[in-house]
Amino acid sequence: GAYDIPDYRAYRAEKLRELAKKAHGGTGPGQLERLAPSITASMSDAQQRRAGDIVARVTPTGYAMLDQKTGGGISDEDLWVLAGRPGSGKTSLALGIANNISVPIAPEIDLSVPELGVALFELEMPKAQISGRLICMNAGIPFEAWRSGRLNDDQWSAAGQHASRLLQSNMWIDDTTDLSMSA
């Protein structure tokens with residue numbers, strides 16, 4: 001069904017608070033703190049990174065140009081929201097980043113992306129379709145061929161090979177589309 005903007009904003013704010021609370025061990029937004037300690041910590045961290053004493057806490061996306069434009073990739077504190085017109089590649093980009101971060105990389109591929117866990121919250125398509133897209137993306141198979149079942153023997157073999165790799169991924173998916181708010 002359709003949702004009006006105030007309801008969606010309230011829902012989103014509530015979910016972001018819950019996520020922050022979980023991510024930060026029970027302390028979430030809503031607590032006022034003086035800015036000075038954060039400024040001091042930020043300067044200290046920047047000074048240590050500049051001196052090479054610590055490494056920036058940034059996860060590369062696996063897309064060199066995107067990493068360059070974002071200061072190395074996704075920072076620990078970042079929340080990325082991909083927006084655009086229908087059919088502009090938002091889901092493909094999100095799946096590509098999630099795939100690059102969570103799936104073990106073949107040794108012959110020169111990507112310096114750490115293997116980490118990824119939680120993917122998808123509101124538009126079910127898990128089975130997301131899984132099919134990931135298999136096709138990795139195997140170089142057109143998704144239309146996958147959906148129609150018109151895979152030749154080579155494509156089917158590649159799909160099986162890449163599905164095996166994806167089974168080792170460290171990715172979790174929530175495809176819950178119920179945005180209803182409880183009273």
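Student: Why is N152 called partly exposed?
Tutor: The model is predicted, so local features need pLDDT of at least 70 and side-chain atom pairs count only at pLDDT 80 or more, while totals for chains, interfaces and linings use all residues. Residues are numbered from 1 along each chain as its sequence is written, and side-chain values use heavy atoms, with hydrogens and water left out. Buried means under 20% relative accessible area and exposed over 50%, with partly exposed in between (1.4 Å probe, protein chains only). N152 has a relative accessible area of 42%, and is therefore partly exposed.

Student: Where is N152 found, and which backbone nitrogen lies 2.7 Å from a polar atom of its side chain?
Tutor: N152 is in the loop between helix 6 (143–148) and helix 7 (153–167), where helices (H or I, at least four residues) and strands (E, at least two) are DSSP runs numbered from the N terminus. The backbone nitrogen is that of Q155.

Student: Why does H162 count as buried?
Tutor: Its relative accessibility is 17%, so H162 counts as buried. H162 lies in helix 7 and, leaving aside residues up to four places away in sequence, touches I135, N138 and A139, a contact being heavy atoms within 4.5 Å.

Student: What lies over the face of F143?
Tutor: R133 does, at 5.4 Å from the ring centre; the rule asks for NZ of Lys or CZ of Arg within 6 Å of the ring centre and within 35 degrees of the ring normal.

Student: With which strand does strand 3 pair, and over how many bridges?
Tutor: Strand 3 pairs in the parallel sense with strand 4 (residues 171–174) over four bridges, whereas the definition asks for at least two DSSP bridges. Within this pairing, F121 stands opposite D174 in strand 4.

Student: What makes up the largest nonpolar core?
Tutor: A nonpolar core is a set of buried Ala, Val, Leu, Ile, Met, Phe, Trp, Tyr and Cys residues joined through side-chain atoms within 4.5 Å. The largest has 21 residues, and those with the most contacts inside it include V118 and I130. Helix 5 gives the most to this core, with five residues.

Technical notes. A polar contact is a pair of N or O atoms within 3.5 Å; within protein, one must be able to donate a hydrogen and the other to accept it, and residues adjacent in sequence count only if both atoms are side-chain atoms.
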